[in-house]
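Dear colleague,

Please find the structure below, together with its sequence. A short account of the findings follows it.

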Amino acid sequence: METEEMKKILLVGKLNAVVKETNKFLSQFFHVQLCSENAGVLEGMLKIVNPDLVLVSLIGAYDIDTSIFFMLSDKYAKTPVLTIGTREESDRFFQYYEESQFENLVRPVENTVIMEAVCRKLGMDQKEAERDAAQEKGEGGGKKRILVVDDNGTALRTMKAMLEEHYEVAVAISGAQAMTSIGKKRPDLILLDYEMPVCDGKMTLEMIRGDEDMKNIPVIFLTAVNNRENIEAVLRLNPAGYFLKPAVKERLLGEISRILGGEE
């Protein structure tokens with residue numbers, strides 16, 4: 001019998017205690033990817049993750065860019081959207097709830113109610129979600145988690161496709177988002193683009209190593225600059241490994257397997 005893949009949820013909102021708790025609960029049954037409420041970041045993540053459902057936390061509603069709702073209804077009309085907020089937070093977006101694509105849950109709300117709503121929007125029941133999760137985790141033997149960090153959306157999609165048969169893959173499009181992702185769920189290994197704007201690979205690695213809970217996560221650098229000076233600069237940071245972009249799939253998988261102790 002062929003295993004059904006776990007559904008993918010893009011969880012949009014500020015990383016606070018409520019979002020962390022929601023993520024922790026839903027991650028038992030779905031692949032959950034965290035995303036900020038910035039419209040540009042969200043659009044990039046939608047293309048990379050291709051989620052089955054978008055879940056938006058409305059905490060801090062007055063800071064949320066309303067253009068994300070226009071974008072979701074215009075470009076992603078077939079993707080169901082579930083929002084969670086107080087009545088006051090939700091009122092700011094009430095005009096969208098007239099469309100069947102959108103549904104709102106009023107906080108405070110129990111996780112079981114969130115689960116029911118997610119399953120309803122996905123057209124499945126909870127037992128089906130539990131079965132899919134159990135099958136995938138059982139057959140995958142508890143896949144190792146890899147975080148891929150790159151400001152190039154095409155590169156992220158390519159790396160995700162390259163790795164997801166063997167590993168659980170999370171993505172981040174900046175160093176800052178990488179730190180948020182690591183705080184949400186610790187990866188077993190990080191593939192980190194060396195050349196990124198604002199917060200480059202060197203700065204991101206320094207932040208990772210400066211955190212007691214993250215410092216021992218192995219990091220492999222990906223660099224597009226093939227000259228001696230750049231490679232020496234990368235090696236001075238003593239990463240677990242480095243690859244020139246685009247990485248060759250077989251060599252990359254072999255190196256990851258070696259670093260993680262041969263487990264896939």
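Which residue in β3 is the bridge partner of Val12? The partner is Val56. The model is predicted, so local features need pLDDT of at least 70 and side-chain atom pairs count only at pLDDT 80 or more, while totals for chains, interfaces and linings use all residues. Residues are numbered from 1 along each chain as its sequence is written, and side-chain values use heavy atoms, without hydrogens and water.

The sheet. Strands β1 (residues 8-12) and β3 (residues 53-57) run parallel and are joined by 4 bridges. Strands here are DSSP runs of E with at least two residues, helices are runs of H or I with at least four, and both are numbered from the N terminus. Two strands count as paired if DSSP finds at least two bridges between them.

In total, 5 strands make up an open sheet with parallel pairing, in the order β2-β1-β3-β4-β5. At its edges lie β2 (31-35) and β5 (102-106), each of which pairs on one side only.

Leu163. This residue belongs to helix α7 (residues 153-163). Leu163 counts as buried because its relative accessibility is 0%; buried means under 20% relative accessible area, exposed over 50% and partly exposed in between, with a 1.4 Å probe and protein chains only. Beyond its neighbours within four places in sequence, Leu163 is in contact (heavy atoms within 4.5 Å) with Ile146, Val148, Val169, Leu191, Leu252, Leu253 and Ile256. The C-alpha atoms of Leu163 and Ala247 are 12 Å apart, with the two residues separated by 84 residues along the chain.

Yours sincerely
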